[in-house]
Amino acid sequence: MSLKIMKIEYFTKWEKDSNLIITRLTGFVTELDVKEWEIGLKQVFRDLPKGTKFKMFVNFHGLSPSTVTAHKSYRDVIPLLLSQYGWRIGYLDLFEEANDLTISKTNESECYAAVHCHQDGYKIQEYERRFGKENEHFYEDPIFSEAWIRSYEYPTLVSS
């Protein structure tokens with residue numbers, strides 16, 4: 001039996017010029033890895049200038065938590081954080097306990113689009129089918145995901 005070694009990588013960065021937050025969590029992560037990723041993620045959000053409108057690339061492609069506890073430790077981070085920036089992730093409709101999730105705007109900042117990337121083809125395709133919409137998608141390919149989110153522009157009102 002061969003053991004596939006997966007490189008652990010986690011980071012979050014804010015690209016001001018493209019209004020894009022990219023977060024990455026991948027590999028055979030432990031609870032400590034997830035905690036360090038979460039700390040960095042939340043710091044990027046704390047540092048956003050007041051009134052920022054942003055889009056987000058959540059890249060979990062290659063993520064393989066090392067334990068059930070490590071898996072549980074990352075699952076609610078993105079949905080809870082984005083709910084503080086005017087965003088409700090589509091797949092939350094699967095969970096009755098998410099019905100009462102408060103959506104707010106921290107520091108007058110808000111998310112206007114998101115893409116979620118994961119290697120589980122069946123699950124991610126089902127999420128896209130059920131919850132994908134104009135400004136939120138679920139894709140298996142990280143290159144395609146990044147291209148889509150980079151091309152998505154903040155919606156502007158057309159005056160008549």
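What volume does the largest pocket have? I found a volume of about 570 Å³ for the largest pocket. I took a pocket as an open set of points on a 1 Å grid over the protein atoms alone, where a 1.4 Å probe fits, with protein on both sides within 12 Å along at least five of seven lines; lining residues have an atom within 4 Å of a point. The volume is the space filled by probe spheres set on the points, which are joined across faces, edges and corners.

I note that the model is predicted, with local features needing pLDDT of at least 70 and side-chain atom pairs pLDDT 80 or more, while totals for chains, interfaces and linings use all residues. Numbering runs from 1 along each chain as its sequence is written, and side-chain values use heavy atoms, without hydrogens and water.

I listed 22 lining residues, of which Arg75, Asp76, Pro79, Tyr91 and Phe95 are the closest to the centre of the largest pocket.

Strands. I recorded that strand 4 (residues 110-117) and strand 5 pair in the parallel sense over four bridges; pairing requires at least two DSSP bridges, and a strand is a DSSP run (E) of at least two residues, a helix one (H or I) of at least four, both numbered from the N terminus. Alanine 114 has glutamate 136 of strand 5 as its bridge partner.

Phenylalanine 144. I located this residue in helix 5 (residues 142-151). Phenylalanine 144 counts as partly exposed because its relative accessibility is 46%, the class between buried (under 20% relative accessible area) and exposed (over 50%), with a 1.4 Å probe and protein chains only. Its C-alpha atom is separated by 9.3 Å from that of cysteine 117, 27 residues apart along the chain.
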